[in-house]
Amino acid sequence: MNVAFMNPFLSATISVLKTMAFTEAVPGKPYLKKDKIARGDVSGIIGISGPPNGSLSLTFSQACILKIVSNMLGEQAQEINDDIRDAVGELTNMISGAARNDLGNEGYVFRTSIPITVSGPKHTIKHQCNGQTIAIPFTTETGSFLVEVSFEE
Amino acid sequence: MYDQNTSIGINMGSKIDLKIKILVVDDFSTMRKLVRNVLKQIGFSNITEAEDGNMALEVMRNEEIGLVVTDWNMPNMTGIELLQRIRDDGKSKNIPVLMLTAEGKTENVVAAVKAGVDNFIVKPFTAEVMQAKIEQIFAKRSV
């Protein structure tokens, strides 16, 4: 996978959460993720058509996403429900869009599908290509989340 | 790439009628709530919602809508298709439409302008950006 693709997704994640949810997200050290087990309670995943083809996923801990959605909507979110899954889908869509805008400036043309969301303990994430998956852990004041980006070679 | 801070040939400075009814169209309930909250921050209080294009057209047939704020990327009927349906209908053809999208590609902006959009916001956005975009719409229409 072209590691130069990572920066637009990293920047987009920080920007979207700051602008839409008034949340400071601090990135940690990226690593190669080799299994499909989600590192959190709720995930959004969106397919990206290129070339190259790939996908983006976001996985949030419950505490983290409840605070983010509470900030977005100005009302206290209490549990992971349809509204939270809906918000995770929209965040995935926005981060994907912002990253693709950046990559478009470098000549790449990407399209995306409608995001899907999954929740529950130890749910799995299946990226839509056979390339390596690079994971970027983020921390916020109320919990952590993981961004995964995978593109075909 | 579309610059969020530019307008589509619009003058600034008109006052907005905060009593108009605004229709927010988005398949994501979170975005509908978020946009509603932003509109309330700006000062609008008369806000209604639709979760897809067909529902939006139904609302416009039955209610007096002063501004449509619609997402671009929706299943069944895209924001552009909705915009075209609005412009093709005698009752709704003059209603201002503000398009929200996650993609700021120039070709998207051109397609939206050709279809008759009044203004365009690339997500993520702040309340200040949305207020400015709405002001631009009504400034242009008051000329």
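The model is predicted, so local features are reported at pLDDT of at least 70 and side-chain atom pairs at pLDDT 80 or more, while totals for chains, interfaces and linings use all residues. Residues are numbered from 1 along each chain as its sequence is written, and chains are lettered from A and ligands numbered from 1 in the order in which they are written.

I start with helix 2 of chain A, residues 62-73. Helices here are DSSP runs of H or I with at least four residues, strands are runs of E with at least two, and both are numbered from the N terminus. Helix 2 has twelve residues, and from first C-alpha to last it reaches 16 Å, close to the 16 Å expected. That expected span is 1.5 Å times one less than the number of residues.

Which residues of helix 2 are buried? They are A:Cys64, A:Ile65, A:Leu66, A:Lys67, A:Ile68, A:Val69 and A:Met72. Buried means 20 or more other C-beta atoms within 10 Å of the residue's own, exposed means 12 or fewer, and partly exposed lies in between, with C-beta atoms placed from the backbone. Just after the helix, A:Gly74 has a positive phi of about 70 degrees.

Next, the backbone. Most residues other than glycine have a negative phi, and most peptide bonds are trans. A:Phe22 has a positive phi, near 50 degrees. It sits in the loop between helix 1 (6-21) and strand 1 (26-27) of chain A, and A:Phe22 is exposed, with 10 other C-beta atoms within 10 Å. In chain B, the phi of B:Asn76 is positive too, near 70 degrees. B:Asn76 lies in the loop between strand 3 (67-71) and helix 3 (79-88) of chain B.

Two peptide bonds are cis. One runs from A:Pro51 to A:Pro52, with omega near -5 degrees, and A:Pro52 is in the loop between strand 3 (42-49) and strand 4 (54-60) of chain A. The other joins B:Lys123 and B:Pro124, with omega about 0 degrees.

Last, the contact between the chains. It takes 22 residues from chain A and 17 residues from chain B, where contact means C-beta atoms, placed from the backbone, within 7 Å. On the chain A side, helix 1, helix 2 and helix 3 (82-104) each give two or more residues. Helix 3 of chain A gives the largest share, 13 residues.

Methods. Two residues are in contact if their C-beta atoms, placed from the backbone, lie within 7 Å.
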